[in-house]
Amino acid sequence: MITMTEYQKKTGFPTVRMRRLRMTETIREMVRETVLQPSDFIYPMFVVPGKKVRKEISSMPNVFQLSVDELVRECENIYKAGVKSVILFGIPFHKDEYGSEAYDENGIVQQAIRELKKQIPELFVITDVCLCEYTSHGHCGILREVAPGQVEILNDETLDLLAKESLTHVQAGADMVAPSDMMDGRVAAIRALLDENGFASTPIMSYAAKYASGFYGPFRDAAESTPQFGDRKSHQMDPANTNEAIREVALDIDEGADIVMVKPALAYLDVIYRVKNEFRMPTAAYQVSGEYSMIKAAARNGWLDEQRIMMETLTAIKRAGADLVMTYFAVDAAKLLKI
Ligand code: PBG
């Protein structure tokens, strides 16, 4: 394909040189294909009952459980740093078998939304919709004993509660809901209840391809949502599968999802790539707690350069096809991009 010039024949040196466009930062910037910006990021936050609570999560350095007052203060800084959007996770006052506080209009997340929308109306507030933080057993839905010692998470009975949870979030002022439970049919159930109640314009970002991943470990410390027994393999996806991810995403789009998410991110770049190419939908990826903690731990040991790895991984996730990245690095990365 490339014809050799007389010069090349004589010298053996290449005329096509990839390095010409790598010689200075300016030319590198001019030909850069993937560019991060602060509005790409969504910052996950953990809200707890109380006042003046600011408790660092031991497995996630610089990530805190915050009471509503502290959350509002923190969000003011986050917004100033250029991050336009946060996603809220709630740790309730009390947990019970049915996760009642998840869909209580005075639940912790509902209170936090109201306060945030009052103080910083321009901040785009997303809420995670799931029961696992609110149930005493730490599972994502209602349980029934199907045989002695064998429990099952009930799918259809859980849908009503997830829809109710979503509605209370939106009524409190949430701009978007993000179901993370992985029950079948929840996007349709949520969409229907929101529409019936006059919230047809509120979008849904579904955790569409969510894998049963070991990378969620630190999050379960942060959200205090570790299952008391068993695991989440009956509803979250097998890490070995990608055709199944395409089916999951297709179903969620069919049910009315406006943005589809792949989670985790770095170990699933092929899934992000496929989902983006197959559907051309607004696509989000979640760089989850374990991905964050791994980088933090290595950096603390002096083994990796934290800033470089932060930017490299975020760029990789966007390059693979994500339009949005949920990441605990959101604020750090936004600050770096503003310099
Ligand atoms: C479920 C939920 C989880 C995460 C987000 N939503 C935990 C799980 O499925 O066990 C994990 C996020 C992270 O690891 O950062 N409500």
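Analyst: Questions and answers on the ligand and on one helix residue follow. The model is predicted, with local features needing pLDDT of at least 70 and side-chain atom pairs pLDDT 80 or more, while totals for chains, interfaces and linings use all residues. Residues are numbered from 1 along each chain as its sequence is written, and side-chain values use heavy atoms, leaving out hydrogens and water.

User: How do the residues of the shell around the ligand divide into nonpolar, polar and charged?

Analyst: Ala, Val, Leu, Ile, Met, Phe, Trp, Tyr, Cys and Pro count as nonpolar, Asp, Glu, Lys and Arg as charged, and the others, Gly among them, as polar. On that basis the shell holds 8 nonpolar, 3 polar and 6 charged residues.

User: What is the distance from an oxygen atom of the ligand to a polar side-chain atom of Arg 232?

Analyst: A polar contact is a pair of N or O atoms within 3.5 Å; within protein, one must be able to donate a hydrogen and the other to accept it, and residues adjacent in sequence count only if both atoms are side-chain atoms. Ligand nitrogen atoms lie 3.2 Å from a side-chain N or O atom of Ser 180 and 3.4 Å from one of Lys 263. For Arg 232 and a ligand oxygen, the distance is 2.8 Å.

User: Why does Glu 74 count as buried?

Analyst: Glu 74 belongs to helix α3, residues 68-80 (helices are DSSP runs of H or I, at least four residues, numbered from the N terminus). Its side chain makes a polar contact of 2.9 Å with that of Arg 54. Buried means under 20% relative accessible area, with a 1.4 Å probe and protein chains only. Glu 74 counts as buried because its relative accessibility is 18%.

Methods: Helices (H or I, at least four residues) and strands (E, at least two) are DSSP runs, numbered from the N terminus. Buried means under 20% relative accessible area, exposed over 50%, partly exposed in between (1.4 Å probe, protein chains only).
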